[in-house]
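Here is a short tour of a protein model, written for someone new to structures. Have the sequence and the 3D view open while you read.

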Amino acid sequence: MRLREEIARFFLKLIFHSKYRFKFTYENFDPKRQEPFFLIGNHISLNDPLYVGMNIKHYPYPVASNILYTHPVQRFALTHMVKSIPKRKGQNDVQTIRSILKAFHDDQRGIMIFPEGNSSFFGEQTKTDYQSTAKLIQKLKHDVVIAKNSGGYFAAPRWGKKRKKCYIHIHYQTLLTKKEIKEMHISEIEVILENAIAFNEYDWNRKEKIRYKSNHKAEGLEGYLYACPICKRIHTIQTKGSDIYCTNCGKIATINSYEFLEGLQFDNLVEWGKFQQILLPQVVKNKIMSLGTLYEVDFQKNKRHNRGNVEVILENKVVTMTNLKQQLEFHINDIEGLVLTQKDFLSFDYKGLTFLIKIKDPMIFLDSIKYLRGE
């Protein structure tokens, strides 16, 4: 292992252990093993690859979104401090497969994949198709280890601010051996993966009763919650501290010390997320507006070209982005690979070009476009 990787991992441990209380447990797995293995994990927070990899002696190469490589700091970390494999979210990539095979065969190192692709929005696993991961596992025929993260969503929710000195438990377990994989059909592997990765942070903390400290528990949710559960109006959610407000109803909920909601018919964000999706048939009948900064992505040079601040409107199955210099129209049926990247970036391909927009209200646009496309 390169010296700079060891130095980077040392400082990474110092940083994360100063912020969180980690518990690492192992079942039929040696964190010092040298033989390559296939590591999968539930995607509970944006920092999962760092949490999971820092405690393994010969860490598996993480497969990371190639959008990250267009940011100078992230590109430096992914290419100079650790070795990683780029992949475009939501799309197959022959070069990615080649890099994975090279890692196993030439470098004698495993790989790290989070099959959900997206880290959790509201504290539950993201629905996904496990077939491509199952096919890759069967092709490689190496031991499959799962790293199951519990508590990571509450410690650092994707939409909000980190909690102080929070508890995170990561359990490593050998899920499938080489011998077992050789005798299994792809569909069997899919079922095992789906069952192993499934999680619900709220169900977990009903049993564990872990307290999380923060004076800003709700702040940031207004970008992900777009429908009021009481009046059912859209774009009325505001937050302050640990409280959630509706501009029509006033204060409607508080996040308590165990991260549960108080004041509504449901006590968790998983149910709120499902509730607002039920309203999408009505939501998309009206004009949806937001503000953002648009970038055009050049993967050849790994750069983002700033196209300026824009007003964003979704109406009649067309996304229009406008400022004083330009007006761009994106017909939703021609949008490909739409994903929410990091906290508030939407990335997508459109007629051979790739765009990235840092947007104030990412979730209503993501849900609405996918609904209109029948996804």
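## Ground rules

This is a predicted model, so local features need pLDDT of at least 70 and side-chain atom pairs count only at pLDDT 80 or more, while totals for chains, interfaces and linings use all residues. Residues are numbered from 1 along each chain as its sequence is written, and side-chain values use heavy atoms, with hydrogens and water left out.

A residue is called buried under 20% relative accessible area, exposed over 50%, and partly exposed in between (1.4 Å probe, protein chains only).

## Salt bridges

How many salt bridges does a search of the whole structure find? The search turns up 16, where a salt bridge is a side-chain nitrogen of Lys or Arg within 4 Å of a carboxyl oxygen of Asp or Glu. Take Glu 35 and Lys 178, whose closest N and O atoms are 2.6 Å apart. Glu 35 sits in the loop between β1 (20-27) and β2 (38-41) and Lys 178 in helix α7 (residues 178-182), so this pair ties together parts 143 residues apart in sequence. Glu 35 is partly exposed at 36%, and Lys 178 is partly exposed at 30%. Both belong to a network of salt bridges that also links Arg 33 and Asp 143.

Now look at helix α9 (residues 201-208), where Asp 203 and Arg 206 are 3 residues apart, about one turn of the helix. They form a salt bridge too, with closest N and O atoms 3.6 Å apart. Asp 203 is partly exposed at 43%, and so is Arg 206 at 36%. Another salt bridge joins Lys 251 to Asp 243 at 3.5 Å between the closest N and O atoms; here Asp 243 is buried, at 18%.

## Patches on the surface

Patches are built from residues with over 30% relative accessible area and no salt bridge, joining like charges within 9 Å and nonpolar side chains (Val, Leu, Ile, Met, Phe, Trp, Tyr) within 5 Å. Arg 21, Lys 164, Lys 165 and Lys 213 gather in a patch of positive charge. For charges, Lys and Arg count as positive and Asp and Glu as negative, leaving out His and the chain ends, and each charge is placed at NZ of Lys, CZ of Arg, CG of Asp or CD of Glu. Lys 164 is found in the loop between α6 (152-155) and β7 (166-176) and is exposed, at 56%.

There's a nonpolar patch as well, made of Leu 3, Ile 7, Phe 10, Phe 11 and Leu 14, with about 540 Å² of accessible area together. Such areas come from the Shrake-Rupley method with a 1.4 Å probe, and for residues only the protein chains shown count as cover. Phe 10 belongs to helix α1 (residues 3-19).

## A buried serine

Is Ser 368 buried or exposed? Its relative accessibility is 0%, so Ser 368 counts as buried. Ser 368 is part of helix α12 (residues 362-372). Beyond its neighbours within four places in sequence, Ser 368 is in contact (heavy atoms within 4.5 Å) with Leu 280, Val 283, Val 284, Ile 288 and Leu 314.

## Two positive phi angles

Asn 28 isn't a glycine, yet its phi is positive, near 55 degrees. Asn 28 lies in the loop between β1 and β2 and is exposed at 65%.

Gln 108, also not a glycine, has a positive phi of about 55 degrees. Look for Gln 108 in the loop between α4 (94-105) and β5 (111-113), where Gln 108 is partly exposed at 44%.

Technical notes
Helices (H or I, at least four residues) and strands (E, at least two) are DSSP runs, numbered from the N terminus.
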